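Please look through the report below with the model open beside it.

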Amino acid sequence: MPNQPIRKQIHLAAHFPGVNHHTVWTDPDSGSQIDFDSFVHLARTAERGLFDFFFLAEGLRLREHRGRIHDLDVVGRPDTLAVLNALAGVTTHLGLAGTINTTFNEPFELAKQFASLDHLSGGRAAWNAVTSSDAFTSENFRRGGYLDHAKRYTRAAEVVDATRALWDSWPADALLVDRERGVFAQPAPAVRFTSDQFDIDGEFVLPRSPQGYPVQIQAGDSDDGREFAAAKADVIFSAHGELEDGRQFYRDVKDRLAKYGRRRDDLKILPAAGFVLGDTPAEAEENARHIRRQQVTPQTAIAFLEQVWGRDLSAYDPDGPLPDIDPVDNATITRGRVRHAKDPLAVANAWRAKAEAGKLSIRELIIETTARQQFIGTPRQVAADIDHYVQSDAADGFVLVPHLTPTGLDEFVDKVIPELQALGSFRTEYTGPTLREHLGLRHPHHGTEGVRAS
């Protein structure tokens with residue numbers, strides 16, 4: 001028989017549904033966003049499904065819309081690292097990834113926090129390093145002010161370099177004389193790191209953690225963000241979920257790796273994705289329509305429109321046509337979330353054309369334009385679609401974002417994972433204890449050590 005081509009292995013992560021318009025917190029089946037039991041349920045479900053990692057976002061300030069707390073969101077987010085450290089004690093293999101900002105945090109505290117998580121979890125920590133140019137968010141921090149866009153990634157790169165200098169300060173063979181008493185054979189090595197942002201001259205408090213460095217995740221999509229990921233990241237949390245768009249993004253970022261002496265497999269690209277299942281294709285489509293209308297209520301539709309128009313549009317009917325007035329540039333109408341509409345008039349004109357072509361109301365338009373890439377169908381169809389994306393080099397896998405907390409992943413694990421395994425594209429057991437091994441990533445200090453998956 002001819003040799004069968006080796007199938008790329010699919011990498012999956014589970015995003016805890018939090019403060020965003022995809023989470024349907026009004027559904028009767030939705031649970032608490034704050035109770036630890038909710039985090040435990042989703043994490044254990046992901047581990048039962050042999051996922052690579054559990055992923056937590058970060059909330060540094062409550063969102064506001066038109067000068068009021070945004071009342072369309074769930075309010076409240078426990079501290080990311082506190083949750084992940086607690087989850088380390090109730091899981092055994094699942095990676096634990098947290099989003100922590102580089103603009104407002106210092107390298108020493110970041111190095112200590114993530115090294116601690118990596119030690120406590122036995123090598124399962126990951127850090128999604130994000131930036132912020134949001135003056136609204138920065139008001140919660142003593143530095144005040146904020147960094148403009150050009151300086152955000154400069155600081156982020158220096159933060160990552162400084163944390164790695166701290167992690168690297170301990171030699172790999174630093175051993176405890178007495179593990180019960182925690183006595184080291186030598187004094188803590190000195191750390192010296194100087195850059196435009198930092199001047200560190202001290203000692204780090206922990207020896208090398210199991211992974212060398214926690215897995216580095218990055219979520220920026222600008223050219224600076226892509227370059228930062230190619231130089232520093234192990235995983236990109238991408239917004240490019242459509243097939244051809246995903247292929248272009250995949251090629252662009254992977255092609256940047258060589259200049260940094262990295263291989264194409266040294267960086268995994270994982271777009272965010274939703275999913276909707278049904279026993280038949282028709283049932284899945286109907287379920288998807290129901291969920292999208294839950295996600296985009298009439299009030300949510302108007303709020304999204306106001307973010308582009310920069311105006312109070314509460315007098316408009318969500319089931320009616322788009323406003324015939326032009327938008328104004330008012331970036332502060334919604335504060336505490338990323339603003340994607342860089343040119344409001346261009347966006348408004350594109351939306352008008354789309355609404356006219358499809359005869360869409362305001363709400364119907366927002367449902368279409370805010371939909372996260374979704375895999376919709378029977379479990380077998382969804383598995384085949386996910387596999388097609390990965391084998392076509394549009395992604396290395398996906399970060400799945402369920403619409404319900406905390407049970408939204410249950411059906412996927414029960415029904416889709418067996419189909420992926422039957423295709424030969426997904427593991428049937430964990431083959432190593434660390435997140436780097438789950439992702440097939442090289443140990444940063446040991447060449448190819450730790451590479452198991454592909």
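The largest cavity holds about 40 Å³ of space, where a cavity is a set of points, on a 1 Å grid over the protein atoms alone, at which a 1.4 Å probe fits but cannot get out. Grid points are joined across faces, edges and corners, and a volume is the space filled by probe spheres set on the points. By this rule there is one cavity of 30 Å³ or more. Its lining, meaning residues with an atom within 4 Å of a point, consists of Ala 115, Trp 167, Phe 204, Leu 206, Pro 207, Arg 208, Ser 209 and Gly 212.

The model is predicted, so local features need pLDDT of at least 70 and side-chain atom pairs count only at pLDDT 80 or more, while totals for chains, interfaces and linings use all residues. Residues are numbered from 1 along each chain as its sequence is written, and side-chain values use heavy atoms, with hydrogens and water left out.

A pocket, in contrast to a cavity, is an open set of points with protein on both sides within 12 Å along at least five of seven lines. The second largest pocket has about 400 Å³ of space, and among its 23 lining residues Phe 275, Val 276, Ile 291, His 403 and Leu 404 are the closest to its centre. Helix 8 (281-295) and strand 13 (268-277) each supply at least two residues of this lining, and helix 8 gives the largest share, six residues. Helices (H or I, at least four residues) and strands (E, at least two) are DSSP runs numbered from the N terminus, and the protein chain has 14 helices and 16 strands.

Of the 454 residues of the chain, 52% count as buried, which is to say under 20% relative accessible area, with exposed over 50% and partly exposed in between (1.4 Å probe, protein chains only). A nonpolar core is a set of buried Ala, Val, Leu, Ile, Met, Phe, Trp, Tyr and Cys residues joined through side-chain atoms within 4.5 Å. The largest such core has 66 residues, of which Phe 51, Phe 54, Phe 398, Leu 409 and Phe 412 touch the most other members; helix 5 (residues 149-168) contributes its largest share, eight residues. Apart from this core lies another, of 17 residues, including Ile 302, Trp 351, Leu 365 and Ile 366.

Where does His 240 lie? His 240 is found in the loop between strand 12 (235-238) and helix 7 (243-255), and it is buried, with a relative accessible area of 12%. Its side chain makes a polar contact, at 2.9 Å, with the side chain of Asp 221; such a contact is a pair of N or O atoms within 3.5 Å, and within protein one must be able to donate a hydrogen and the other to accept it, while residues adjacent in sequence count only if both atoms are side-chain atoms.

Lys 359 lies in the loop between helix 10 (344-358) and helix 11 (362-369), whereas Asp 393 is placed in the loop between helix 12 (379-391) and strand 16. Finally, a cis peptide bond with omega of about -5° joins Thr 405 and Pro 406, and Pro 406 belongs to the loop between strand 16 (397-400) and helix 13 (410-423).
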